[in-house]
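Please look through the structure below before reading on. The paragraphs after it are meant to be read with the model in view.

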Amino acid sequence: IEGTLSRSQYLCITIPPLIMSFSVPSDVAGGLYFLDGKRVSGEGEKTFPVYEPRSGTVVAQCPLASPSTVDAAVRAASAAHSEWGCKTELERAQVLHAAARLIRDNLEEIARAEVRCNGKPIYEARVDIASSADTLDYFAGIAPAVLQGDSMDLPGGPLTRFAYTRREPLGVVGCIGAWNYPFQTCMWKIAPALAAGNAVVYKPSPFAPASPVLLGEILTAAGLPAGVYQVVQGEGETGQALCEHPLIRKLSFTGSVATGQKVQQACASKNIKPVTLELGGKSALVIFADSEVKSTVAAAMLANFLNQGQVCTNATRVFVQRGILEEFTNELVKEANEKLVVGDPLNDNTRVGANINEGHLNRILGYVESAKKEGGTVLRGGVRVHPEGVENGFYLEPAVITGLNDDSTAVREEIFGACCLILPFDTEEEVVRRVNNTSFGLAAGVFSKNLARCHRIAAQLEAGTVFCNSYNDTEVNVPFGGYKNSGHGRENCPDTLKAYTQIKAVYVNVQDSLEHCF
Ligand code: NAD
């Protein structure tokens, strides 16, 4: 090799990490911190209970990270960053591609762990985990091209002056996740952050704390240096400490609008850091009478009942043009009765698993009650159920509700549960106004055979994502994020990768002397 390559080429060769036959431990209860390349128990006087939603049992007590624990995790990440941030994009990509391969090789084990953490049906968890591997491959793959600098000739031409730019990592990035897609949410943040050369300190939701720890084990087995990816556990105080830490150079957050406001404020309290906010939604699906009813029913099911309705883009508001209102409603209830098998999420035929916890389940039931009080009719579901074998889990029979107006509580507020609200409309102008009449702006859908109308409406809807004749598609190369109170910044696209870097401009004078104007 030394005879054929220059010294600089020789130095660039890295030996891919040797992957032994690694298998992901399926333990979702023990050692819920990931620090300095290892799974550890963490320390702290105060603890929180970790639930398995499918059985309703407490599987662990996890210590809450104090501000000093957060400080130590951030400082270790900062030290580890100097090595990782100096690697080339291709070197980093080798590690991330290896991690993607490990995820695919261990997909079933990881999916089962995800079900135990979150309660979602195993058939959905498999999709989440597979798409998480795609996210790693995507960001590792595009990083060398997207993170290139530019070169600019300046007045006088390249022989006198020019400038160039460098895209540099930010340093240590703080990430805070929600509980509804524990593995995937973590991946959407850390894949671009790591591909861009940052270190990450991740705080999962206390309701689903284990998945990011499994990811730490995978990344380490794939060759990620110790300390580059750290996981600390806790609630608001821990999150706040991460937001305020002066060595955190960017914060990426997924959660509710109310917490997003606190996060944005905390990120400006001790120093100034950029913030990505992926927040809640109150999305709508608009169905025109010229649509094929079977497809609109499929879309309404996708828009309301995936992940027990705990999806930020869910369209609880289903606006149906009066001409097909009755047919659509009957078909939706029939389809829901036939297809929505509520049960143990580890079973292959289950289509609706457990809600995340009892408090959240009761919150959803509260919306069903408010709908009844405010004139709504529950056509199906809306009650707690106790499937055989997992009787103590947090299960809801998904609800379909009609008869509400736009001012009712369930139509205005984010439910984050399986409650589909059918709302009739007459005209295009009317429905656009009603869809936009919310402070949220995450997603919206429109169904019509008239494609000109679909595009016309897509342009008018105040939403970060619009689905035409479809709903809840997610692809890693398509930007994802909100308008209005649903947040700012995007995930899943080249802009996301750039948002984990900062641009440095370098002016160069190549002449021997510098003339001045004084
Ligand atoms: P949440 O706002 O209660 O919690 C989110 C995270 O913030 C958790 O990790 C929590 O511990 C942490 N946290 C709480 N207080 C904090 C503070 N003061 N400072 C810093 N961090 C703090 O939200 P949730 O119940 O976990 O998730 C549900 C919400 O998330 C819904 O509104 C849903 O729409 C939204 N969500 C949005 C997206 C998106 O991509 N737009 C995706 C998933 C979920």
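The model is a predicted one. Two packed helices are described by the angle between their axes and the distance between the axes. Helix H3, residues 89-105, packs with helix H5, residues 122-146, at an angle of about 165 degrees, and their axes are 9 Å apart. Since an angle over 145 degrees counts as roughly antiparallel, H3 is therefore roughly antiparallel to H5. The crossing of H3 past H5 is left-handed. On the H3 side, the residues in contact include Leu90, Ala93, Leu96 and Ile103, and on the H5 side they include Ile129, Ala133, Leu136 and Ala140. Sorted by class, this contact of H3 with H5 has twelve nonpolar, two polar and four charged residues.

H5 also packs with helix H6, residues 182-195. Here the angle is about 10 degrees, with the axes 9 Å apart. Angles under 35 degrees count as roughly parallel, and H5 and H6 are therefore roughly parallel to each other. Among the residues that form this contact are Asp128, Ile129, Leu136 and Phe139 of H5, together with Phe183, Met187 and Trp188 of H6. The contact of H5 with H6 comprises eleven nonpolar residues, four polar and one charged.

Lys120 lies in the loop between helix H4 (107-118) and H5. Is Lys120 buried or exposed? Its relative accessible area is 0%, and Lys120 is therefore buried, as buried means under 20%. The side chain of Lys120 makes a polar contact, at 2.6 Å, with the side chain of Asp128. Leaving aside residues up to four places away in sequence, Lys120 touches several others, including Val115, Asp128, Tyr181, Asn307 and Pro345.

One of these, Asn307, belongs to the loop between helix H10 (293-305) and strand S13 (317-321). Its phi is near 50 degrees, a positive value in a residue other than glycine. Asn307 counts as buried because its relative accessibility is 0%.

Asn472 also has a positive phi, of about 60 degrees, although Asn472 is not a glycine. The loop that holds Asn472 runs between strand S20 (465-468) and strand S21 (487-488). With a relative accessibility of 15%, Asn472 counts as buried, because the limit for that class is under 20%.

Methods:
Residues are numbered from 1 along each chain as its sequence is written. This is a predicted model: local features need pLDDT of at least 70, side-chain atom pairs count only at pLDDT 80 or more; totals for chains, interfaces and linings use all residues. Side-chain values use heavy atoms; hydrogens and water are left out. Axes are lines fitted to C-alpha atoms, for helices over the stretch in contact, and angles run from 0 to 180 degrees between N-to-C directions. Helices (H or I, at least four residues) and strands (E, at least two) are DSSP runs, numbered from the N terminus. Angles under 35 degrees count as roughly parallel, over 145 as roughly antiparallel, 65 to 115 as roughly perpendicular and the rest as oblique. A crossing is left-handed if the near helix is turned anticlockwise from the far one by less than a right angle, and right-handed if clockwise. Contact means heavy atoms within 4.5 Å. Ala, Val, Leu, Ile, Met, Phe, Trp, Tyr, Cys and Pro count as nonpolar, Asp, Glu, Lys and Arg as charged, and the others, Gly among them, as polar. Buried means under 20% relative accessible area, exposed over 50%, partly exposed in between (1.4 Å probe, protein chains only). A polar contact is a pair of N or O atoms within 3.5 Å; within protein, one must be able to donate a hydrogen and the other to accept it, and residues adjacent in sequence count only if both atoms are side-chain atoms.
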